[in-house]
Amino acid sequence: MDNAWMVVSGGKIEAVGSASEAPPTGLRRADACGGGVITAGFQNSHVHFTDPAFAGAVGRSLEELQPPLTGMTTRFGFTTVVDTGSDPANTLALRQRIERGELRGPAILSVGAPLYPQNGIPFYLRDLPPALLQQLAQPATAEEARAIVRKSFESGAQGTKLFIATPQGHGEIRRMSSDIARAVVAETRGLGGLTMVHPTDPEGVSAAVQAGVDILVHTTIDPPKSAWSAELVSQLVARNVSVVPTLQLWGYELTKAKLPADVRDGIVADAERQLAAFSSAGGQVLFGTDVGYMTDLDPTQEYVLMAHAGLTPMQILASLTTAPAARWSAAERRGRVKPGLDADLVVLGGDPATDVRRFSDVKCTIRAGKELFVRSP
């Protein structure tokens, strides 16, 4: 709607009107957030609160926690995030402080601590402190896996993350047994949660589909020239598996690996083709960046790569709003600009329909009617 207005009251959207309709009188105007393009609040479906800036969240001061929290989330319009692996107790403390109003931050959905294949910690995590490595769950049986899931939900998780296949270095991939993966999915679903999977390669994607998972948290670049067959894409769509592309992550990782630019770009293009095939087949795409693991906080490149893969601005907007709300059974509360829904809103400085980079041009981020971020003039 052009030249529209919105009334927010009690944390809800009370009314939306066009220029031909006069707004109610006697209301406080949010002038700092006016003059932009309003959308529903964004969800980043793949983040990690593992940066040292968030450590000790239960006792850190507002002055210590607020800047990194804003810089990673609300600065870019995220009113909901999904933490896909961190210290569960610390992330819970961060969530509780946000919900008590001590910090201005997004709603945090958490999958607790991930589960790995037996003797299958990825090679890129082996430099973690030994005490921390010993805490990483590597269930040997289905029942052990079920118990881990139950304990995670008792600690505040809303889902479970599986590393169904993990790179060990030198081309070796360690794989989770199918009975353990299916047990985790069944236990998680029975508790009302979603199962998210790090697939690593196309075989991992296939194993995830067969286990009945809900969300893939990455496309795949292992091995190089990694392709998803038409049959695999059809299975993903038929089984209602959502995909978080994380295209920006691949360039970030391949640059660290010092690969030549042409090789790096070719591998990222393969991941773009996976996204294009999945989206074209009607698959549900969820926006996510892996920020927190990835130190580049700005999601602009993710929007550019998704557009380069063929997604329209409206499809990208859906991946930020309606799709994640539906996936997390919250469509009756958020994801759209509609009277009666939560006033989770983003005000952009320009229309992303003309340039997808505008999705990062955030003037204001509002959650439940409260301004979490207002850009300085």
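1. In which helix is Pro324 found? Pro324 is found in helix H12, residues 322-327, where helices (H or I, at least four residues) and strands (E, at least two) are DSSP runs numbered from the N terminus. This is a predicted model, in which local features need pLDDT of at least 70 and side-chain atom pairs count only at pLDDT 80 or more, while totals for chains, interfaces and linings use all residues. Residues are numbered from 1 along each chain as its sequence is written, and side-chain values use heavy atoms, with hydrogens and water left out.

2. Pro324 counts as buried at 0% relative accessibility (buried means under 20% relative accessible area, exposed over 50%, and partly exposed in between, with a 1.4 Å probe and protein chains only). Leaving aside neighbours within four places in sequence, Pro324 is in contact with Gln43, Ser45, Leu286, Ala318, Ser319 and Arg334, contact meaning heavy atoms within 4.5 Å. The C-alpha atoms of Pro324 and Arg189, which are 135 residues apart along the chain, are separated by 17 Å.

3. The structure holds seven aromatic pairs; rings of Phe, Tyr and Trp (its six-membered ring) pair if their centres lie within 6.5 Å, and planes under 30 degrees apart count as stacked, over 60 as edge-to-face and the rest as tilted. One of these is the edge-to-face pair of Phe42 and Phe359, at 6.1 Å centre to centre with 65° between the planes. This pair links distant parts of the chain, since Phe42 is in strand S4 (residues 42-47) and Phe359, 317 residues apart from it, is in the loop between strand S13 (345-348) and strand S14 (362-367). Phe42 is buried, with a relative accessible area of 1%, and Phe359 is buried with a value of 1%. The rings of Phe123 and Tyr124 are edge-to-face because their centres are 5.5 Å apart and their planes stand at 80°; Phe123 is partly exposed at 42%, and Tyr124 is partly exposed at 32%.

4. One aromatic cluster is formed by Phe42, Phe78, Phe287, Tyr303 and Phe359. Elsewhere, the charged end of Arg75 sits over the ring of Phe76, 4.7 Å from its centre; the criterion is NZ of Lys or CZ of Arg within 6 Å of the ring centre and within 35 degrees of the ring normal.

5. In helix H1 (residues 62-72) the buried residues are Leu65, Gln66, Leu69, Thr70, Gly71 and Met72. The elements that cover these buried residues of H1 include S4, strand S5 (78-83), helix H2 (88-99) and strand S15 (370-374).

6. Helix H6 (residues 202-211) meets helix H7 (residues 230-238) through Pro202, Val205, Ser206, Val209 and Gln210 on the H6 side and Leu232, Gln235 and Leu236 on the H7 side.

7. Most residues other than glycine have a negative phi, and most peptide bonds are trans. A cis peptide bond, with omega of about 0°, joins Asp222 and Pro223, and Pro223 is placed in the loop between strand S11 (215-216) and H7. Thr200, although not a glycine, has a positive phi of about 75°; Thr200 lies in the loop between strand S10 (194-198) and H6 and is buried at 8% relative accessible area. Asp290, also not a glycine, has a positive phi of about 70°, lies in the loop between helix H9 (261-280) and helix H10 (300-308), and is buried at 4%.
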